[in-house]
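Please walk through this model with me, from its domains down to single side-chain pairs. Keep the sequence and the 3D view side by side.

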Amino acid sequence: MTTTLGNQALLPTYARLGVTFVEGDGSWLIDDTGRRYLDLFAGIAVVGLGHRHPAPLAAAHAQLDRLWHVSNLYSTEPMQELSARLSERFGGARAFFCNSGAESIEAALKWARKATGRSEVVALDGSFHGRTFGALSVTGQPGKRAAFGPMVPGAIFATPDTLTDHVGPHTAAILLEPVQGEGGVHPLPAAVLKQARELADEHGAMLILDEVQTGVGRTGSFFAWQQLGVRPDAVTLAKGLANGLPIGALLVANEAPTAFEPGDHASTFGGNPVACAAACAVVDTIDDELLAHVRELSARLSTGLARYGDVRGMGLLLAVELDRPAWPVVEAALEHGLVIGSAGEKTLRLTPPLTMTTEELTVGLHILGEVLA
Ligand code: PLP
């Protein structure tokens, strides 16, 4: 399980496990010794359609053969097509494209400040919005910020119970994850989201949902907010949008202020034609049938996990609270040929491809049973 190249030439920002993957195939990963692993992690909710899914693969290949890049001073067809598709899914929105989740949050923060002329952003304790300074500043996990101060001013942290106390005339935006992913897979109660919508309306603030992890079908609907009954002013997307090619997006509802004018914000690679072509194919593949499959698989996975502890989450963003530390279980699972993740000391996180078959899921649960026996 060791690589001949090693990781000595990399900055040690990750505690990497000792496997080097060289190929992906649907719900499976193959390492440099040829061993196959069942992937119930999908690159942390990124490879939603499974590895090398034919639709984004063909779209990216075709685009690679046509055009890789032009400046954002010009239009490209994939970017126009993707913005139209996302607008349709959202029910009317305009997009700004970037390359990652953190960048989509940066765009959202700048947009909300400009749209309202205010600087405060109310986020939740335990939230995760990314590692760049703006995104880190609104991330409600002090440990992740501690070594890097000073932060961008204006971030205010609340709990679901104290939102009312913190939103007021200085609030530019309320920023929420429909399910806190990195923070331990904690779904936001629909009533809290409804209250956030009311508070934003009352005080003229923007309601931004960070759907970087929950979006693009992960929870069983294209956007998680569609199941929660609250329409946000803006949404951020990334992770699963291009099935593994780098992309991020800020979507601003048509009825919300546009705010941005030419020159306000930019990204050299944002809207990259290859990533956008792949993303169009991803959006087209996430149809009602696949979303129904996600919900069915979610029910099966929840039932399968329930024997090990309390299960939380939505769709195929699920966690189980174990009676023991999670990380050794992640390592042992890998030894058994199963890729899973953790999200907290005793929390296992499972984010399998949305396209995983029920038979593959059964195999995964069987291996997990052996690991936890
Ligand atoms: N927002 C949420 C909800 C996330 O889960 C993540 C990453 O896990 C991010 C933002 C940051 O995304 P990225 O790692 O692509 O910058």
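Which domains does the domain assignment of the protein give? It gives domain 1 (55-285) and domain 2 (288-325 + 332-350 + 367-371); such bounds come from an automatic or database domain assignment. This is a predicted model, in which local features need pLDDT of at least 70 and side-chain atom pairs count only at pLDDT 80 or more, while totals for chains, interfaces and linings use all residues. Residues are numbered from 1 along each chain as its sequence is written, and side-chain values use heavy atoms, with hydrogens and water left out.

Start where the domains meet. The C-alpha centres of domain 1 and domain 2 lie 26 Å apart. Across the boundary, 18 residues of domain 1 are in contact with 15 residues of domain 2; contact means heavy atoms within 4.5 Å. About 1300 Å² is buried between domain 1 and domain 2, and carbon and sulfur atoms give 65% of this area. Buried area is the accessible area (1.4 Å probe) that two parts lose on being put together, summed over both. Val185, Arg218 and Gly220 supply 38% of the area that domain 1 buries against domain 2, more than any other three residues. One salt bridge is counted between the two domains. A salt bridge is a side-chain nitrogen of Lys or Arg within 4 Å of a carboxyl oxygen of Asp or Glu. Glu182 forms a salt bridge with Arg349, with the closest N and O atoms 2.8 Å apart.

Now turn to the helices. Helices (H or I, at least four residues) and strands (E, at least two) are DSSP runs, numbered from the N terminus. In α8, Val192, Leu193, Ala196, Arg197, Leu199 and Ala200 are buried. They sit on the same side of α8, because they cover an arc of only 165 degrees around the axis; the arc is that of the directions from the helix axis to the C-beta atoms. Buried means under 20% relative accessible area, exposed over 50%, and partly exposed in between (1.4 Å probe, protein chains only). The face of α8 turned away from its buried side carries exposed Ala191, Asp201 and Glu202. Cover for the buried residues of α8 includes β7 (171-176) and β10 (206-210). Just after α8, Gly204 takes a positive phi of about 70 degrees.

Asp284 forms a salt bridge with Arg85, the closest N and O atoms being 2.9 Å apart. Asp284 lies in helix α10 and Arg85 in helix α3, so the pair ties together parts that are 199 residues apart in sequence. Asp284 is partly exposed at 45% relative accessibility, and Arg85 is partly exposed at 25%.
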